[in-house]
Amino acid sequence: MFRWFARMPLATLLAIVLHLLIVLAIFISFKMHAFSPASEASNTPTEQTIQATSVPQSAIDQQLNRLKSADAQREQALKQQKSEAEKAQAAAELAASARRAEQARLQQLEALRESRQQAAAAQEAQLKAAQAAQKQAELALDSQQKALEKIQQETARADAQKQAAQAEAAREKAAAAEAKAAAAKAAELNKQAAEKVAAEKALAEKAAKAQADKAAEAKAAKEAAQQKAAKEAADKAAKAEAAKEAAAKARQAQEAALKSQLQDELRTQQSQGVLNAYMAAIKNKVQSQWYKPPGWEPQWKCNVRISQASDGTVINVKVLQCDGDQLFQRSVQQAIERASPLPLPADMSLFQSSINFEFQAKP
Amino acid sequence: MSARIQHWGLRILALLLLAVPMVSVAELNIVISGGQESGVPIAVVPFATTTNTDLSSIIRADLARSGQFAPLTTDQLPSQPSTPDQVQFDQWRAGKAQYLVVGKVEQQGGAYQATFYLLNVSNGQQMAARVISAPIAAERSIAHRIADIVFKQITGIRGAFDTKIAYVTETDGPVNKRRYTLEVADSDGANPQTVLSSTYPLMSPTWSPDGTKLAYVSFEGRRSGIWVQDLRTGQRYQLTKFPGINGAPSWSPKGNKIALTLSKFSSPNIYIVDLDTRALTQVTSDGSINTEASWMPNNQTLVFTSDRSGSPQIFEQTPGAGSAQRLTFGVSYAAGSAVSPDGKTLAMLAGGNGGYRVAVQSLSGGGNDFRYISNGGSEERPSFAPNGTMLIYASQSGGGSVLKVSPLAGAGSQTLRFASGKVRDPAWGPFQGAEQ
């Protein structure tokens with residue numbers, strides 16, 4: 001190699017200069033190329049996800065093959081250049097050729113940039129559409145949540161369950177719609193990517209070297225995007241999972257509330273039952289002790305208020321209003337006194353220290 | 001996040017709901033209807049005594065006769081205490097008795113002295129504690145007085161057990177061998193005393209309100225006349241001897257008048273004799289039968305039987321204050337009336353398909369509350385106990401007739417026992433002395 005340099009110093013120098021120029025050009029083109037998708041990506045992080053995940057492996061393979069063949073072509077060109085230099089072709093000719101090549105390359109690059117911008121615009125439009133779809137989906141989720149809230153307010157358990165089921169179905173339907181929209185979007189983006197690849201292929205054919213480098217960069221960018229997309233996909237999945245969990249929690253809370261309400265109702269019913277049993281027990285005991293004296297008249301009534309100690313012992317009997325004669329009134333008082341201690345309720349929270357009795361002579 | 005807030009919100013709501021009482025138990029209202037009709041269950045424990053008296057059985061019979069008590073028999077008593085200290089109330093509360101009478105009898109010279117206590121079983125309260133004494137001969141009156149006190153304490157109504165009844169007996173035999181007696185006995189038929197004995201029929205005794213005299217119809221001299229007899233001295237005089245019927249005397253509540261039936265030379269009518277002036281006032285004067293007068297408490301108004309509307313019915317009339325008002329409507333035969341001491345209840349002998357039975361209705365009710373008291377079918381004119389709670393009447397039984405006592409409250413009757421013969425025309429005497 002060194003010998004080679006020594007023998008043809010001018011040619012070697014020219015070759016190095018040419019290479020440096022090429023590298024510089026590629027660097028500039030990369031910079032232009034590399035920034036636009038990155039900025040797009042930062043603007044619409046979620047869209048990238050779907051783009052990346054949906055690129056089929058075959059497309060990637062195709063591109064890789066193309067890149068390989070481009071490499072081989074470049075190798076050949078270099079060899080040719082080397083042999084031309086060895087034949088000592090005119091430096092001016094070479095320089096002119098290089099200038100032409102660069103001009104063409106720049107034109108190509110411009111074309112590529114334009115096509116990329118177009119693609120980006122198209123992509124943005126798509127993203128906006130996708131965003132709208134997302135927003136709709138979010139609205140759907142929102143309305144779904146509202147429906148859930150509404151359901152929670154419902155007291156009737158059966159209705160609430162039915163509505164919850166309906167809401168669940170709506171949610172699933174919305175999720176399915178979302179998935180479908182995502183799939184459609186992904187397909188669209190796929191198509192877009194394929195188109196992009198085709199444009200790149202044309203470019204690569206015209207400027208193999210630049211194309212190769214750019215392709216490599218594109219590959220790198222693609223991979224980065226892919227990674228980012230994967231990450232975002234994971235994020236989205238996590239988010240979806242979180243939303244699902246939240247919904248499940250809300251449902252659980254709702255169910256718990258319903259259950260608690262049901263338990264309250266049950267408790268109320270049970271309390272009513274205990275109270276009824278308590279009253280019945282008192283009634284039975286007092287009634288069994290009531291020896292209504294002969295001579296009573298059917299319309300006779302006697303209202304008394306009693307107070308009792310916590311063990312049911314009657315402490316006081318107050319006759320409020322009483323028909324009939326003294327014997328009748330006494331019989332009422334006796335009935336209560338004889339029924340003392342009064343039965344206690346199964347649940348002492350229902351115990352009442354004061355009870356009103358109405359004694360009716362008529363059976 | 002919002003779901004979490006909702007979750008906690010619901011929990012708090014649930015806690016709040018739990019904190020609120022689930023059942024409103026601010027006031028319990030319990031209706032007791034019916035009950036079991038029963039006289040007041042009362043235990044009269046045999047009195048502790050070294051004498052051979054048995055006051056408790058007399059007291060039990062008195063209380064039972066009132067219809068308002070259901071005394072326990074001695075074998076139903078869990079124990080036989082004689083003082084409140086000996087009473088174990090828990091033991092008694094387990095039984096049926098609502099009230100408990102315990103006591104003792106001691107002989108002190110020629111008298112018996114009883115000490116008794118009336119106790120409320122349910123609350124252990126002592127309702128009465130008294131000492132009562134009487135000559136040995138009047139031993140039963142001690143029991144009647146105790147019964148009166150118990151009755152008053154529990155019912156609020158003055159007892160009428162320590163009272164007398166007057167009635168007529170007739171011994172069977174050939175017409176010229178028949179004997180008629182006028183008797184006075186305790187309210188339970190015990191201790192009968194003959195105040196007059198005659199070979200001529202005796203009828204319709206009526207008590208003076210102070211209980212010292214009887215007026216009655218006697219056929220001595222083969223014609224009817226109204227006689228008045230002093231029970232303490234046995235002295236008697238003839239009040240009326242008008243031609244025709246002299247019957248159905250009724251002593252006025254104030255004791256100054258006697259209403260009676262005189263036919264003179266036409267149909268029977270109601271008259272009033274002033275006992276001070278002997279002035280005679282005619283109350284009824286139509287051509288129908290008017291008889292069996294009795295007095296309202298106002299000492300003015302008379303209630304009597306008249307067939308002026310076809311069949312015998314009860315009418316009411318105040319002399320000098322308009323015409324008579326018919327009181328009975330429900331039955332085809334209503335006669336032999338008596339007015340309760342408070343003037344609220346009319347008792348009568350009502351006839352119909354079931355024979356002649358004792359019935360009552362309120363004097364102001366127009367017959368709406370008419371009801372039968374007896375169910376024998378061959379009863380005679382009733383008489384009120386002075387406290388208005390019982391009626392005494394004769395009832396034919398087999399070849400003879402007996403006296404029965406029915407409480408106005410409730411059903412059933414108690415037959416007073418007599419040695420033999422026909423017993424009729426009972427008249428229940430007034431309270432004796434002041435209320436104890």
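Me: In H8(A), which residues are buried?
Reply: This is a predicted model: local features need pLDDT of at least 70, side-chain atom pairs count only at pLDDT 80 or more, and totals for chains, interfaces and linings use all residues. Residues are numbered from 1 along each chain as its sequence is written, while chains are lettered from A and ligands numbered from 1 in the order in which they are written. A residue is buried if 20 or more other C-beta atoms, placed from the backbone, lie within 10 Å of its own. In H8(A) the buried ones are Leu327(A), Phe328(A), Arg330(A), Ser331(A), Val332(A), Gln333(A), Gln334(A), Ala335(A), Ile336(A), Glu337(A), Arg338(A) and Ala339(A).

Me: How far does H8(A) reach from its first C-alpha to its last?
Reply: A helix is a DSSP run (H or I, at least four residues), a strand is one too (E, at least two), and both are numbered from the N terminus. The expected span is 1.5 Å times one less than the number of residues. H8(A) has 14 residues, and 20 Å is expected. Its reach is close to that, at 20 Å.

Me: Which element gives the most to the side of chain A that touches chain B?
Reply: Contact means C-beta atoms, placed from the backbone, within 7 Å. On that basis, 44 residues of chain A touch 38 residues of chain B. Elements giving two or more residues to chain A's side include H5, H8 and S4 of chain A. With 18 residues, the top contributor is H7(A).

Me: In S1(B), what is the bridge partner of Phe357(A)?
Reply: Strands pair if DSSP finds at least two bridges between them. S4(A) and S1(B) have 6 bridges and run parallel. In S1(B), Phe357(A) is bridged to Ile30(B).

Me: Which strands stand at the edges, each with a single partner strand?
Reply: In chain B, an open antiparallel sheet has the order S11-S10-S9-S32. Each edge strand has a single partner, so one of its sides has no neighbour in the sheet. The edge strands of chain B are S11 and S32.

Me: In S10(B), what is the bridge partner of Thr169(B)?
Reply: S9(B) and S10(B) run antiparallel, joined by 8 bridges. In S10(B), the partner of Thr169(B) is Thr181(B).

Me: Leaving aside neighbours within four places in sequence, which residues is Ile146(B) in contact with?
Reply: Ile146(B) is among the residues with the most contacts inside the largest nonpolar core, which has 131 residues. Such a core is a set of buried Ala, Val, Leu, Ile, Met, Phe, Trp, Tyr and Cys residues joined through C-beta atoms within 7 Å. Beyond those sequence neighbours, Ile146(B) contacts Leu55(B), Ile59(B), Ala114(B), Phe116(B) and Ile132(B).

Technical notes
Two residues are in contact if their C-beta atoms, placed from the backbone, lie within 7 Å. A residue is buried if 20 or more other C-beta atoms lie within 10 Å of its own, exposed if 12 or fewer, and partly exposed in between; C-beta atoms are placed from the backbone.
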